[in-house]
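Thanks for making time this morning. I would like to take you through one structure, and I will state the cut-offs as I go.

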Amino acid sequence: MLDLKDVVAVVSGAGSGIGRAMAEACARRGAVVAVIDIDLDGAEETAVGIRAAGGRATAYQGDVTDLAALQVLAERVETELGGVNITFNNAGVFTAGPLDRTRPNDFDWVFEVNVRGVYNAVVSWLPALRRSAAAGKLAHIVNTGSENSIAVPTMGPFSAYTATKHAVLGMTECLRRDLKGNGVNVSIVCPGVVSTNLWNAKRARPDRFGGAKVAQATASDALDAGRSPEDTVQTLFEGLDQGEFLIVTDPRIRAFTEPRLAEVAAALDICDTRVKL
Ligand SMILES: NC(=O)c1ccc[n+]([C@@H]2O[C@H](COP(=O)([O-])OP(=O)(O)OC[C@H]3O[C@@H](n4cnc5c(N)ncnc54)[C@H](O)[C@@H]3O)[C@@H](O)[C@H]2O)c1
């Protein structure tokens, strides 16, 4: 069982959806939660809700694409809340469409938030996590991947987004290898479709990537059919309690992942017959 009593948990993208449910789950387990989001109002709403339920949470405005600002924030959180024990690098955005019809600014934006954002968060929080590990305390990084990390879903195309989430899995697996034996654990959660505000991600798109844009309400239909953020996070915590690295939260992911796994296995078999070293 992942014991979060009195530990400091940091959750990015915690002003909405899965991040909010992660922050609430951490608080219910007794953690002091740093609720971080580019949208301070959303972060405040999460923190207020946690405190109203008897938990401990502080909201911070933080843009995961800004490494320098994130490093300053990491110092501030440590000063205000104490040594950090678990970070949920969860902030993420979404753009739909095939690769050749993805605008360069949207391509850059999803990579900047979903990939560079995870790198920035790891670099910013790892010193504190290493200190916690060295003191014999909990130290754990949980990155948010996706069903798009392990295969290409039938729903879509979400090509640039899928590429970012494959990158998150690659980074997280490297991180596990890099941190082996250092006392810092690493996990990745790969949710299926979850009913959140991700369909309207451009509501917070910074000006340098084209500015904010509100999606048509019908764009929410596909996500409305997903699991709830709370159920998704419940499944995540069941995996964390078991010390798992790769935590998949929706059985429907199997349908399009098994063909990918079979294709890789077949390519390896062909290579064995073709190449003798
Ligand atoms: N909803 C799904 O179906 C689904 C499935 C698999 C994975 N995910 C992943 O879950 C994570 C959370 O998404 P969600 O579905 O809860 O969406 P959401 O839009 O409800 O929440 C995302 C949060 O991230 C914040 N954010 C955006 N850019 C940011 C930035 N630069 N810095 C800090 N915060 C920023 C937003 O303000 C928002 O509060 C993302 O990484 C997403 O890719 C979602």
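I will begin with the ligand, move on to the sheet and its helices, and finish with one aspartate.

This is a predicted model, in which local features need pLDDT of at least 70 and side-chain atom pairs count only at pLDDT 80 or more, while totals for chains, interfaces and linings use all residues. Residues are numbered from 1 along each chain as its sequence is written, and side-chain values use heavy atoms, with hydrogens and water left out.

Around the ligand there are 30 residues, the closest being S16, D37, Y161, V194 and T196, where a residue counts as near if one of its heavy atoms lies within 4 Å. That shell divides into 12 nonpolar, 13 polar and five charged residues, with Ala, Val, Leu, Ile, Met, Phe, Trp, Tyr, Cys and Pro taken as nonpolar, Asp, Glu, Lys and Arg as charged, and the others, Gly among them, as polar. Helices α1 (17-28) and α6 (159-179) each supply at least two residues of the shell; helices here are DSSP runs of H or I with at least four residues, strands are runs of E with at least two, and both are numbered from the N terminus.

For polar contacts I use pairs of N or O atoms within 3.5 Å; within protein, one must be able to donate a hydrogen and the other to accept it, and residues adjacent in sequence count only if both atoms are side-chain atoms. An N or O atom in the side chain of Y161 is 2.6 Å from a ligand oxygen, and one in the side chain of R203 is 3.1 Å from a ligand oxygen. Taken alone the ligand exposes 830 Å², of which the protein buries 97%, by the Shrake-Rupley method with a 1.4 Å probe.

Turning to the sheet, seven strands form an open arrangement in the order β3-β2-β1-β4-β5-β6-β7, with parallel pairing, and two strands pair if DSSP finds at least two bridges between them. Why do β3 and β7 each have one side left without a neighbour in the sheet? They stand at the edges, each with a single partner strand. Three bridges join β6 (185-190) to β7, and I188 stands opposite L246 in β7.

Finally, D241 belongs to helix α8 (229-241). The side chain of D241 reaches the backbone nitrogen of L2 at 2.8 Å, and also makes a polar contact with the side chain of R29, at 2.8 Å.
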